[in-house]
Amino acid sequence: MKAERSVLPSRFSGLSIKLIATIIAVILLVEIVVYLPTLAAFRANWLDDRLRVGVVAARVLDAVPDVMALPRELTDRLLTSAGANAIVYRRQGQSQLIELASPIRPDLVVTADMRQTDLVTLITGALDTLFADPDRTLRIVGEGDLDDSLVELLMSERPLRQDMLAYSRQIGIVSLAIAAITAVALYLLASYLFIYPVRRLTQNMLAFRQAPENASRIIVPSARRDEIGIVERELAAMESDLFSMLRQRRHLADLGLAVAKINHDLRNTLTSAQLLSDQVATLDDPKVQRLAPRLVTTLDKAIGFAQSVLDYGRETAAPPVMAPTGIAALVDDAAFEARLVGHPVIAFSNATPTALVLNVDAAQLGRVLVNLLKNAREALEGAGNTIAAPEVSVAVNQDSEAVTISVSDNGPGLAPRARANLFVAFQGSARSGGTGLGLAIAREITEAHGGRLVLADQPLGTRFELIFPASLLVRP
C-alpha cells in the first residue's frame with residue numbers, strides 16, 4: 001500500500017510554535033522562581049518601614065514619664081503615620097500602649113515577627129498575606145533601637161495586601177514583556193540556526209520524494225560545519241546516489257527488455273544454425289569433418305549463453321517449494337548431470353550420509369549442486385595434466401545450528417580477480433567465455449532457503465560451502 005504524502009506544516013504550527021511556547025514557559029517559570037523571593041523582600045521592607053515608625057513612637061514613649069500625659073493629637077499622628085491602630089512598647093519588663101481614640105477589636109490576628117529573617121519564613125508569610133482574608137489584623141513584632149526593647153504594631157493587613165497585589169501586577173507585566181522580548185529574540189536566533197535549515201531539509205525531502213528522477217531537486221548543501229551541515233551534505237550524497245541508482249535501474253530495465261528480445265530471436269537463429277551444422281557434420285569432406293566439431297561447440301556455447309541470460313531474467317519468480325529431500329541421492333543426480341559420473345580422468349566422491357534429509361526444494365537445490373559440480377569439473381579439465389589425481393568431492397558437516405554441504409576440488413583454485421566479483425552477475429565468471437550467472441543464481445537460491453553460499457579458504461583447490469539452518473533438517 002502506498003504511503004500517504006506528508007505535508008509540511010505551516011510556519012507557526014510545527015517546530016516554531018512549540019519553540020516559542022517552550023521559551024515563554026521557561027522564562028515565566030524562571031520569573032516565578034525569582035518572583036517569590038522578590039515578593040517576600042517587598043513585604044519585609046514594607047513591614048520594616050511601618051516598624052521604624054513604631055520605633056520612633058517608642059522613643060517618644062520612652063522619653064515621656066507618663067504616657068497618659070501625651071496629647072491625643074500627637075498619639076493619633078504617630079499611629080496614622082505608621083498606619084497602625086495601636087503601638088506597644090516593651091522594655092525591661094514594662095509595657096506602654098498608645099492606641100486610637102476609638103480602638104478596634106480585631107476578630108482575627110496574624111503575627112509577623114520581623115526577627116525571623118530566613119527566606120522560607122519570609123516567602124511563606126508573603127504567600128499567606130497574598131491569599132489570606134483581607135480583613136485580618138496584622139501584629140508586627142520587631143526589636144527597638146534600645147537593648148532588650150520590643151515594639152509591636154497592630155494594623156489592618158488590607159493595605160499591605162493591596163500594595164503586594166499592585167507590586168505583583170507590575171512584576172507580571174514586566175515578566176511578560178521580558179518573556180516576549182526574549183522569546184522573540186531567541187526565536188529569531190533559533191529560526192536562523194535551526195528552524196529554517198530544518199524546514200529547508202524537510203521541504204527538500206518532500207519534493208525529492210515526489211520526483212526522485214529530477215536532479216534539480218537534489219539539495220545543495222550549505223557551508224555549515226555543524227551537525228546540520230553534515231546532515232545537508234549526507235542528504236545531498238544520498239539523493240545523488242538514489243538519483244543515479246534510479247537512472248541505472250531504468251536503463252537496466254530497458255536494456256534487459258531489449259536483451260530478452262534479442263536473446264529470444266538469437267536463440268531461435270542459433271538453434272537453426274545448430275541444425276544446419278549437424279547436417280554439415282555428416283558430409284565426408286575432410287575439412288568439414290575437422291571444422292564441424294568446433295562450429296558445433298561454438299554454437300552450443302552461444303545457445304547456452306542466450307539460455308542462461310533468459311533463465312536469469314526469469315529467476316525472480318519461483319519461491320522454493322519445500323519438501324523432505326534425500327541429499328545423497330540429490331548429489332548423485334547432480335553429479336551425473338554435471339558429467340562427473342563416469343568421467344575418464346576426474347574422480348568423484350560423494351560422502352553425504354544416506355540418512356541426511358533436508359526440507360528443501362529439490363529442483364532448485366539440485367540446480368545449485370549441478371552448477372558447483374560443473375564448475376569444479378571445468379576447472380580440473382582446464383588444468384589439464386598439471387593435477388596428478390584430479391578429484392571432486394562432496395561432504396557434509398552437521399552441528400546443532402547448521403548443516404554444511406561442501407563441494408571441493410583439488411584444482412588450481414580461483415584467481416584473486418575472480419574472487420572479487422565471484423557472486424556478481426555477468427562479472428563472476430572464473431573462466432573465459434563464462435556468463436558469470438551461475439554462482440549469482442546459486443547464491444540467490446541458497447539465500448531463498450534461508451542459507452548462505454560462501455567460498456571457503458583452503459590451501460589447494462576450491463571449496464564452496466552451502467550452509468543451511470538446522471531447522472531444515474528432517475529428523476527420523
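Reader: Which residues are linked in a network of salt bridges?

Author: The model is predicted: local features need pLDDT of at least 70, side-chain atom pairs count only at pLDDT 80 or more, and totals for chains, interfaces and linings use all residues. Numbering starts from 1 along each chain as its sequence is written; side-chain values use heavy atoms, without hydrogens and water. A salt bridge needs a side-chain nitrogen of Lys or Arg within 4 Å of a carboxyl oxygen of Asp or Glu. The network links Arg90, Arg139 and Glu152.

Reader: How many residues apart in sequence are the parts that Arg90 and Glu152 tie together?

Author: The closest N and O atoms of Arg90 and Glu152 are 2.9 Å apart. Arg90 sits in strand β1 (residues 86–91) and Glu152 in strand β5 (residues 149–156); strands (E, at least two residues) and helices (H or I, at least four) are DSSP runs, numbered from the N terminus. So the pair joins parts whose separation in sequence is 62 residues.

Reader: Which strand holds Arg139?

Author: Arg139 also bridges to Glu152, with the closest N and O atoms 3.1 Å apart. That pair ties together parts 13 residues apart in sequence, because Glu152 lies in β5 and Arg139 in strand β4.

Reader: Is Glu152 buried or exposed?

Author: Buried means under 20% relative accessible area, exposed over 50%, partly exposed in between (1.4 Å probe, protein chains only). Arg90, at 32%, is partly exposed. Glu152 has a relative accessible area of 8%, so Glu152 is buried.
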